[in-house]
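The following exercises concern the structure shown below. Each task is followed by a solution in steps.

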Amino acid sequence: MTIKIAISDTVTKEQRRDPRFINLLKGEERFFNSPAFATKYRKLLALHEAGHSVWAKKADATNIHFYGPEMFWDERPEYDCPLVSRSSTGYTLPAAVTSLHAIKAGIAGFVVREYYGSPNDAIAIGMDINGARQRYAELVGGTEADFQKEVVKAKAEIIAELASPAVQAEILAEINRFEQEIFPAPKLTSSVLRARRMAWAY
């Protein structure tokens, strides 16, 4: 199965023609369809998104969906360049959500990865933090210091909850759902089986 990289509708025609965009897109297509994109890497993507979805559910979010790789353009003046999201989780938080629950849903992906000994890179962590910061500002405003205190509290609560076998089972279920929806295993067609038999014969 060939993995396709989606392109966000927010990317303009001019941006799509930018050599940096073209090169990044080609590179990501090669990566996702090469041996480098092994089972272990898929599991790490799934683990990250499972963290988001489990704590989004705990925040009573609705419309929880997983998304595969997608190209964007970072419009921030200090960057102004193409970027790729290798996976993501979308959800709608209830109007009455607390800032703490919103932050937990926003940062749980990288916290879960850290807990299991496979931390995200700084870019992924920064994107999750920025998303949580935006939700915090929309809900309560507050200062950066207030936000950072809430992040510390949210992270501590997530880590404590991760000790629960029930929560671990939820994460495993979401990992399986992510893989089935985003990177399903190829079907064993007669041609695939025939090719395998030919390989074994040698």
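**Exercise 1.** State which residues make the nonpolar surface patch of about 270 Å².

*Solution.* The patch is made by Tyr-115, Tyr-116 and Ile-159. Patch residues have over 30% relative accessible area and no salt bridge, and nonpolar side chains (Val, Leu, Ile, Met, Phe, Trp, Tyr) are joined within 5 Å. Next, Tyr-116 is located in the loop between α4 (99-115) and α5 (122-139). With a relative accessible area of 38%, Tyr-116 is partly exposed (buried is under 20%, exposed over 50%, partly exposed in between, with a 1.4 Å probe and protein chains only).

The model is predicted: local features need pLDDT of at least 70, side-chain atom pairs count only at pLDDT 80 or more, and totals for chains, interfaces and linings use all residues. Residues are numbered from 1 along each chain as its sequence is written, and side-chain values use heavy atoms, without hydrogens and water.

**Exercise 2.** Identify the network to which Glu-174 belongs.

*Solution.* Glu-174 also forms a salt bridge with Arg-177, their closest N and O atoms being 2.9 Å apart. Salt bridges with shared partners join Lys-57, Glu-174, Arg-177 and Glu-181 into one network.

Technical notes. Patches are made of residues with over 30% relative accessible area and no salt bridge: like charges are joined within 9 Å, nonpolar side chains (Val, Leu, Ile, Met, Phe, Trp, Tyr) within 5 Å. Accessible areas come from the Shrake-Rupley method with a 1.4 Å probe; for residues, only the protein chains shown count as cover. A salt bridge is a side-chain nitrogen of Lys or Arg within 4 Å of a carboxyl oxygen of Asp or Glu. Helices (H or I, at least four residues) and strands (E, at least two) are DSSP runs, numbered from the N terminus.
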